[in-house]
Amino acid sequence: MNTNSSNIMALAPNTSNKRETVCIFGTGDFGRALGHKMIQSGYPVVYGSRSTQISNLIPKDAEVLSHAEAAQKAAIIIIAIQRQHYNFLTPLAEILHGKVVVDISNNLKLNQYPESNAEYLAQLLPGAKVVKAFNTVSAWALQSGALDASRQVFVCGDDAEAKQMVMNIVRALGLTPLDQGSLLAAQGIENYPLQLFPMWKFPIFLSLGLTAFFFFYCLALDVIYTYIYEKNNFSFFIAITIPNRICPVMALILLALVYLPGVLAAIIQLYRGTKYRRFPDWLDKWMLCRKQLGLIALAFASLHAVFTLVSPMRSFVRWRTSKGIISQALNNKTEPLDTTNAWLSDSYLALGILGFFFFVLVGITSLPSVSNSVNWREFRFVQSKLGYLTLILCTAHTLVYGGKWFLSPSAYRWYLPNIYMLSLVVPCTVLVVKFVLVFPCVDKPLTQIRQGWERNPKYFE
Amino acid sequence: MNTNSSNIMALAPNTSNKRETVCIFGTGDFGRALGHKMIQSGYPVVYGSRSTQISNLIPKDAEVLSHAEAAQKAAIIIIAIQRQHYNFLTPLAEILHGKVVVDISNNLKLNQYPESNAEYLAQLLPGAKVVKAFNTVSAWALQSGALDASRQVFVCGDDAEAKQMVMNIVRALGLTPLDQGSLLAAQGIENYPLQLFPMWKFPIFLSLGLTAFFFFYCLALDVIYTYIYEKNNFSFFIAITIPNRICPVMALILLALVYLPGVLAAIIQLYRGTKYRRFPDWLDKWMLCRKQLGLIALAFASLHAVFTLVSPMRSFVRWRTSKGIISQALNNKTEPLDTTNAWLSDSYLALGILGFFFFVLVGITSLPSVSNSVNWREFRFVQSKLGYLTLILCTAHTLVYGGKWFLSPSAYRWYLPNIYMLSLVVPCTVLVVKFVLVFPCVDKPLTQIRQGWERNPKYFE
Amino acid sequence: MNTNSSNIMALAPNTSNKRETVCIFGTGDFGRALGHKMIQSGYPVVYGSRSTQISNLIPKDAEVLSHAEAAQKAAIIIIAIQRQHYNFLTPLAEILHGKVVVDISNNLKLNQYPESNAEYLAQLLPGAKVVKAFNTVSAWALQSGALDASRQVFVCGDDAEAKQMVMNIVRALGLTPLDQGSLLAAQGIENYPLQLFPMWKFPIFLSLGLTAFFFFYCLALDVIYTYIYEKNNFSFFIAITIPNRICPVMALILLALVYLPGVLAAIIQLYRGTKYRRFPDWLDKWMLCRKQLGLIALAFASLHAVFTLVSPMRSFVRWRTSKGIISQALNNKTEPLDTTNAWLSDSYLALGILGFFFFVLVGITSLPSVSNSVNWREFRFVQSKLGYLTLILCTAHTLVYGGKWFLSPSAYRWYLPNIYMLSLVVPCTVLVVKFVLVFPCVDKPLTQIRQGWERNPKYFE
């Protein structure tokens, strides 16, 4: 740590306004796209290539030289070739000594090699200052200017000044550099562009599976049963009625699944009497995808809301309404207002609206920019307190909606319960256990355990 | 400023890939959690502790030594003990000289001590490079990996290189360091995690108070009055009808309260003839919570929208509709289309929809990431121009909805106006005053004053 | 690049806690506002002014001296005067040598001068370290504390340490500095606050034009035609019915216009056999405003959704419904359920809901904070795959809604098609061409071209 490196600033940005020359090794697609962009931004670009014949694909204002000559002309060398060909750089180690060498490569698979490409490059060129950058930007985006998503360029490297120089180029190209620390971060940076929503995979497959199950369950009870026993063809229920049964059920179950691992973790900690043993793997993974589960639940809840609001416009509902009114009119009687019914109808609607309102609130605080602007205490308050409030309101909404049919035999076609009854199992369990956990006699030891206390600190070593 | 500190880079990041050893003083909960996480990220960790007996709670790969020995092994010492015990560090001042000492402590109350903990530490250890960091992350979050909210770590310190070293560690742990400048910022950083939506307190209490007032007002007029004089039990109005009366009223009043301080400030400036005198304290505070007032207004407006859209599904509304149709059918007549009514109904709905649409637009630009991506001129355009348009549309919506009843005595139960009439007072006032302020003869002097002109520059000193 | 500037850190931040003195040249509005704020944040401020008489407008704790005296007292000099008067600084070049000189000026027009103000200043004072900063903050915002939008301060300059010093001041004032690289970025920074949604201009004007055209088209067909031939006064259609016809049409057309340039570009590339020739200018510009077109389309779609949901509450719709029911009741008959109709009604509603759902999803990923947190592959997946899914669903929604009338002569008033028929032209074209482009025999050469392959690499030079 006490190295007397007084010359570490030797590479400090040139104070003259002229951009320094950049050298690019490799005239492939990405090399050319980057060169084009750099020339546009005012950098003299020189290409290092095996064959120095000038191809029309290379930007006009760029020079093409041999690798050695090109490298000598610039302080920054961008390696736009694939990792398999890196060993051709070994003879150039002398020339590249002390230069900033930028690794922009990507792999085809996650963790394809034991070490990252940038670290491999650093091993090949021990004297060079290797910086990882630009791998998250696509050639297509660079050329077309369609940089909406990918303005962020992750930069890492062991040499602070080299990193700073590369970050200045990144900024000059209109991109946003993000310093990710030392070259150890390169592995993560190289894996990053290969991911396709990795945290979403399990929640999405779970949702699709449950949705399919509930769809066929509803299809059997609502369409096939009606067709067999009542001779009614309600196949059009597939379009709105059945989706609007599945959506609220999925929303409620997934929302409960967000809070279930928390109470499971609390039970495990209480049982073990310590927080210093790892949870089972499945529980760890479950806890890490709670945000995704919650957002999918919110999507289902939103669909449920729209499907419900649209119902007065449905041909079937209008037909049913007018049939009811006409039969009253033909019988010459007006039914009086049923206050109990009005109470039930209004309160389940109100509970649903409030539940959805708080659900959306919790969802908004999941937006990265909002959750970054609240502190840990505020985030916990919203995600935990408001989240549980949402769960309580949505469970109550379902209970008030269908409670009266729990004991009515006619609600059980083929002796099977309706799906909203199934959907209540998980949330009610979570709420009951949580209610128990909130009691002081349970909450106090749990809090102590979470602050580091241990019941049996016997297994000292 | 002209210090010749050519050795200030002595602490430059090591260019070898090995992580440097980190020392943690204190084996409490947070110290252990941090140590665990650092070992996971590849840092050798050594604990400084009074008793060097190896506890099973301490991460297995960590060493435990006496404070002095531990400190000598590392360039960075993290102080994971409480401020009250800081004075035990005084004898170690010699050893800590020139080292990076990281203060991670939090207090229990806002501004608990005259100076921040980090500044106090810097006074105790004049030779150490004190950096404040990590206080916004909770031990629980570190251990469970549930770092959704708290990826941001505020870092401040007087020594640039020491700060850089700490920020590199923060990045290596998968967190985002935010440089907050010199150690003077430590007070703010220590207060930050203790806050629970401080800017929201007044707007929320104001909304709750007003909501309670309007609730009992409506309860009296809509439920109790009807029960006494018309013998109708409309108690179920509590669920939807009354909330749907309160929400639009609250939305309109709060939205007007967003723009009221602006016109008050303009009047004060015009009266005083200068902008160089401070506004009264209450006005300053009011102006600072306008964003929160506006967002709460938007929440009420959203609830109003959903409560309204849900109405055709309400049992009561369906009963009332069918009663009307049946009575027409029984009387054998069909009422013709009332075009005036159709105009009124359609235009108040359209005004409401447009008002809500612009309200949501203004709300979206309040999202931190959106408001950060617009410049001052664009932000002013949206917040001021579109905001006033929203206020005008919502006020017109209310006027068209209820205007015809202003002069009808039957609208005044117990001689009290309906709440939507009350809700119009503030917005109409704001709009009228704003309208006057826009006139050139008023606007011109106001603009001059805001550009720094003074009517009576007499009170020279 | 190999300059041995070991004294470049001479300006390193003072390690004592006292803030360094800041000098401000110019006692105008912004100079005073900045001085006020700096004194509040603990900086000693000294003003440089032609007349050193103490004006009451200048903050009380500030000193006022001649320019030369003031500059000597501080290491940082903020130039709060207009560019036209910069040449008065030439005689001070000696004194400002080696100092940090901050240019905070703005222009009145975009690209008013050939070089940026900051670069002009750097030419006048070759020995000074010029930093551009603070120009995006307004004096009014600084004084009133209303810094919601403008916390970001863009900083650029050629000297890293000078920039760091200015960024520390920016942080101390409670603002967020954003390093924009070298002084070459000053032109962009000076243009930034003058913009008013530059990328939105074309999409907004296009939408307004199309909306106006469709409004008069609908007015003619729905109101005037009905009035002339059917003697019905449906003028109230202007409030909701016509807007609710225009909104979906606009949403569909604009959404298709988002994807049209992409297929045009593919066709051009296929025809040319290379991707290395620039697209025509109009296509480039079109591609750059696709995000804005899409968001405006989403706004229209949202309005369409609300206008539709509100319809059961409309006076006209309730009158029409009850008329239908009464006529059935009076004729003593009940129409049976029309299953085909139920299927059509439910499926176009369901298609619309799903289309809108995915549209909102795509819209949410356009939020800056969300699109920054996904990688290029994920962004492409959402914007392209989900975007096309949205387009397909919305087109299908329109086809199912109105398909049955395409061949019915009564749908053509004055031999003109209804606007939803017009709206189908662009999306259907896009979908058909895209469908062709997806075929392997077309997709393969296109992919090759996009990876850099050329059909006729003949025009070598």
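In the predicted model, F234(A) and F316(A) are both buried. The two residues form an aromatic pair. Their ring centres lie 5.7 Å apart and the planes make an angle of 65°, an edge-to-face arrangement.

A pair of aromatic rings is described by the distance of the centres and the angle of the planes. Over all chains, 70 aromatic pairs are counted. F234(A) and F316(A) are one of these pairs, with edge-to-face geometry. In chain B, the ring centres of F357(B) and F358(B) are 5.4 Å apart and the planes stand at 75°; planes over 60 degrees apart count as edge-to-face, and the pair is therefore assigned to that class. F357(B) is buried, as is F358(B).

Aromatic rings also take part in arrangements with charged side chains. R83(A) lies over the face of Y120(A), at a distance of 4.3 Å from the ring centre. In chain C, the charged end of R83(C) is placed over the ring of Y113(C), 3.7 Å from the centre of that ring.

Chain B contains an open sheet of eight strands with mixed pairing, in the order 3-2-1-4-5-6-7-8. From one strand to the next, the twist averages 30°. Within the sheet, strand 1 (residues 22-25) and strand 2 (residues 45-48) of chain B run parallel and are joined by four bridges. C23(B) stands opposite V46(B), a residue of strand 2 of chain B.

Helices pack on this sheet. Helix 1 (residues 29-40) of chain B touches strand 1, strand 2 and strand 4 (76-79) of chain B, and its direction makes about 165° with that of strand 2. Helix 4 (residues 117-124) of chain B likewise packs on the sheet, with contacts to strand 4, strand 5 (100-103) and strand 6 (129-132) of chain B. The direction of helix 4 makes about 170° with that of strand 6 of chain B.

Note on methods. Residues numbered from 1 in each chain as written. Chains lettered and ligands numbered in written order. Predicted model: local features only at pLDDT ≥ 70, side-chain atom pairs only at ≥ 80, totals over all residues. Heavy atoms only, no water. Phe/Tyr/Trp six-rings, centres within 6.5 Å; stacked < 30°, edge-to-face > 60°. Buried < 20%, exposed > 50% of the residue type's maximum accessible area, 1.4 Å probe, protein only. Lys NZ or Arg CZ within 6 Å of the ring centre and 35° of its normal. Pairing = 2+ DSSP bridges. Helix = DSSP H or I, 4+ residues; strand = E, 2+ residues; numbered from the N terminus. Axes fitted to C-alpha atoms, helices over the stretch in contact; angles between N-to-C directions. Contact = heavy atoms within 4.5 Å.
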